[in-house]
Amino acid sequence: MKDVVKVTGRVNSIRSAGKKLVFYDIVGDETKLQVQASKADWKGHGYGRLHNSIKRGDIIGVEGNPGRTKTGEFSIRTL
């Protein structure tokens, strides 16, 4: 079983990697954390609509699995 964490923070930056992957940098309590949201993990349930509505400065809550990206950066992969 993979660990599941829940975090909240203010969106500091948003980066797209094609149409199927979005990275958010969120900040809370002076700590930065990267969030990785993949369309494959969402199975098409409102992925585009949700990610188009999130803007820099929004406060979001995220639930997911901690891990590292291909570049080695610590990240939360959304469920």
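1. A nonpolar core is a set of buried Ala, Val, Leu, Ile, Met, Phe, Trp, Tyr and Cys residues joined through side-chain atoms within 4.5 Å. Buried means under 20% relative accessible area, exposed means over 50%, and partly exposed lies in between (1.4 Å probe, protein chains only). The largest such core here has 11 residues: Val 11, Val 22, Tyr 24, Ile 26, Leu 33, Val 35, Ala 37, Ile 54, Ile 60, Val 62 and Ile 76. Strands 2, 3 and 4 each supply at least two of the residues in this core.

2. A word on the basis of this note. This is a predicted model, in which local features need pLDDT of at least 70 and side-chain atom pairs count only at pLDDT 80 or more, while totals for chains, interfaces and linings use all residues. Residues are numbered from 1 along each chain as its sequence is written, and side-chain values use heavy atoms, with hydrogens and water left out.

3. The overall fold comes next. Five strands form a closed barrel in the order 1-2-3-5-4, with mixed pairing. Strands, like helices, are DSSP runs numbered from the N terminus (strands: E, at least two residues; helices: H or I, at least four). Two strands pair if DSSP finds at least two bridges between them. On average, neighbouring strands of the sheet are turned by 55° against each other, direction ignored. The axes behind this angle are lines fitted to C-alpha atoms, for helices over the stretch in contact, and angles run from 0 to 180 degrees between N-to-C directions.

4. Look at strands 1 and 2. Their pairing is antiparallel and covers six bridges. Arg 10 stands opposite Val 27 of strand 2. Val 11 has Ile 26 as its bridge partner in strand 2. The two strands form a hairpin with four residues between them. In that turn, Gly 18 has a positive phi of about 85°.

5. Strands 2 and 3 also make a hairpin, with two residues between them. Asp 29 sits in the turn and has a positive phi of about 50°. The pairing is antiparallel, over eight bridges. Strand 2 is mostly covered, with six of its eight residues buried.

6. How many salt bridges does a search of the whole structure find? There are three. A salt bridge is a side-chain nitrogen of Lys or Arg within 4 Å of a carboxyl oxygen of Asp or Glu. Arg 15 and Asp 25 make one of them, at 2.9 Å from N to O. This pair links distant parts of the chain, 10 residues apart: Arg 15 is in strand 1 (residues 5–16) and Asp 25 in strand 2 (residues 21–28).

7. Lys 32 takes part in two bridges. With Asp 25, the closest N and O atoms are 3.9 Å apart. With Glu 73, the N to O distance is 3.1 Å. Glu 73 lies in the loop between strand 4 (59–68) and strand 5 (74–78), and Lys 32 lies in strand 3 (residues 31–38), so this pair ties together parts that are 41 residues apart in sequence. Shared partners join Arg 15, Asp 25, Lys 32 and Glu 73 into one network.

8. Which members of that network are buried, and which are partly exposed? Asp 25 is buried, at 8% relative accessibility. Arg 15 is partly exposed at 33%. Lys 32 is partly exposed at 46%. Glu 73 is partly exposed at 29%.

9. Not counting residues up to four places away in sequence, Asp 25 touches Arg 10, Val 11, Asn 12, Ser 13, Arg 15, Lys 32, Leu 33 and Gln 34.

10. Finally, Val 7 and Ile 60. Val 7 lies in strand 1 and is partly exposed, at 23% relative accessibility. Beyond four places in sequence, Val 7 touches Ile 26, Leu 33, Ile 60, Gly 61 and Val 62. Ile 60, counted likewise, is in contact with Val 7, Thr 8, Gly 9, Val 11, Ile 26 and Ile 54. The C-alpha atoms of Val 7 and Ile 76 are separated by 9.0 Å, and these residues are 69 apart along the chain.

Terms used
Contact = heavy atoms within 4.5 Å.
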